[in-house]
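Colleague: I would like to learn how to read strands and pockets in a model. Could you take me through one?

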Amino acid sequence: MVDASSFGWDGHVAPTPLEEYSRRYADFFEMRREDGILELRLHTDGGPYVHNWAAHNAWNRVWQDVGNDPENHVLIITGTGETWFQGDPRQTWPKPLVEESPDYIFQQTIDAWKLIENFVNNIDIPTIAAVNGPGIHTEFALMCDVTLAAEDADFMDPHFMVGTAPGDGLALALQHLMGTKRAAYAIYGGTSIPARKALEYGLVSDVLPREELVPKAWQLARDIMKRPRFARWATHNILNRPWRKLVAEDFGFHFSQQSLATVASKALIPDPDLVADARQRKVW
């Protein structure tokens with residue numbers, strides 16, 4: 001930890017140390033840091049991540065603590081096991097959102113909004129995602145500087161397919177990286193975007209066997225660490241700037257449309273029949 005007293009800053013408020021915030025988010029992330037490289041591994045009870053609103057609430061705050069810690073120099077994000085994301089929508093959405101209290105709707109809105117804003121604006125270090133298998137909610141993986149994918153990873157956006165608008169950031173990433181027409185076709189059809197197709201479309205940086213994925217991320221992170229700190233910081237700012245501009249200009253519009261579509265429908269979102277269709281297609 002940097003000793004701020006050596007700068008002559010009396011009254012300096014130290015950032016939250018890794019030892020503290022790693023415990024705070026231990027139910028959602030396994031964290032390890034070596035030589036300034038921080039790995040965040042999504043998990044649920046030590047296994048593959050299963051989507052839940054407590055984790056969704058934590059994401060925007062973990063980005064702040066990671067970004068505020070000067071001992072973090074490179075960030076690696078990955079999942080656990082053979083999937084990036086799991087979760088049955090029937091459990092995630094037990095009733096229509098419109099039936100929840102205003103405070104509940106507000107908090108879920110803020111969580112979804114800030115998890116994207118804080119990811120692109122609060123993390124000022126090089127970022128590497130290692131998408132270890134299929135699963136949705138890959139928007140912050142796609143917004144990393146480098147995105148590595150396992151052979152069976154998938155980057156489809158299911159929102160329209162299951163009855164709402166695609167506004168949580170994934171459609172924004174797809175439009176930016178693969179183009180307007182390809183993104184529209186994939187979103188309207190709930191089309192699978194497997195890893196090799198994602199590489200062809202420019203969504204990911206490389207596709208690797210699962211067992212090589214995280215070691216490759218660490219190798220790249222160690223190569224990045226060989227460069228001076230100011231060079232790392234400034235290069236990330238250059239590479240991240242398109243995301244910051246895009247989020248500032250368009251994300252609020254995207255997300256407000258999803259919120260409107262979800263609440264105004266006054267129906268269970270996702271719709272049970274559409275969810276069943278998605279399950280047959282192995283979306284979840």
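Colleague: Which residue in β4 is the bridge partner of leucine 75?

Modeller: Note that this is a predicted model. The bridge partner in β4 is threonine 127.

Colleague: How many bridges join β4 to β5?

Modeller: Four, and β4 and β5 (residues 146-150) run parallel. As an example, alanine 130 stands opposite leucine 148 in β5.

Colleague: Which way do the residues of β4 point?

Modeller: Start with the general idea. Side chains in a regular strand alternate between the two faces of the sheet. Now the case here. Thr127, Ala129 and Val131 point one way from β4. Ile128 and Ala130 point the other way.

Colleague: Are the residues of β4 buried or exposed?

Modeller: Buried means under 20% relative accessible area. Five of the five residues of β4 (residues 127-131) are buried, so this strand is largely enclosed by the rest of the structure.

Colleague: Now the pocket. How much space lies in the largest pocket?

Modeller: The general idea is to roll a probe the size of a water molecule over the atoms, which shows where empty space is left. Here the largest pocket holds about 520 Å³.

Colleague: Which residues lie nearest the centre of the largest pocket?

Modeller: Trp53, Trp93, His137, His159 and Gln258, out of 31 lining residues. Elements giving two or more residues to this lining are α2 (53-68), α3 (89-92), α4 (102-122) and α10 (229-264).

Colleague: What is the lining made of, by class?

Modeller: It has 17 nonpolar, 12 polar and two charged residues.

Methods: Residues numbered from 1 in each chain as written. Predicted model: local features only at pLDDT ≥ 70, side-chain atom pairs only at ≥ 80, totals over all residues. Heavy atoms only, no water. 1 Å grid on protein atoms, 1.4 Å probe; cavity = no way out; pocket = protein on both sides within 12 Å on 5 of 7 lines; lining within 4 Å. Points joined across faces, edges and corners; volume = space filled by probe spheres on them. Nonpolar A, V, L, I, M, F, W, Y, C, P; charged D, E, K, R; others polar. Buried < 20%, exposed > 50% of the residue type's maximum accessible area, 1.4 Å probe, protein only. Pairing = 2+ DSSP bridges.
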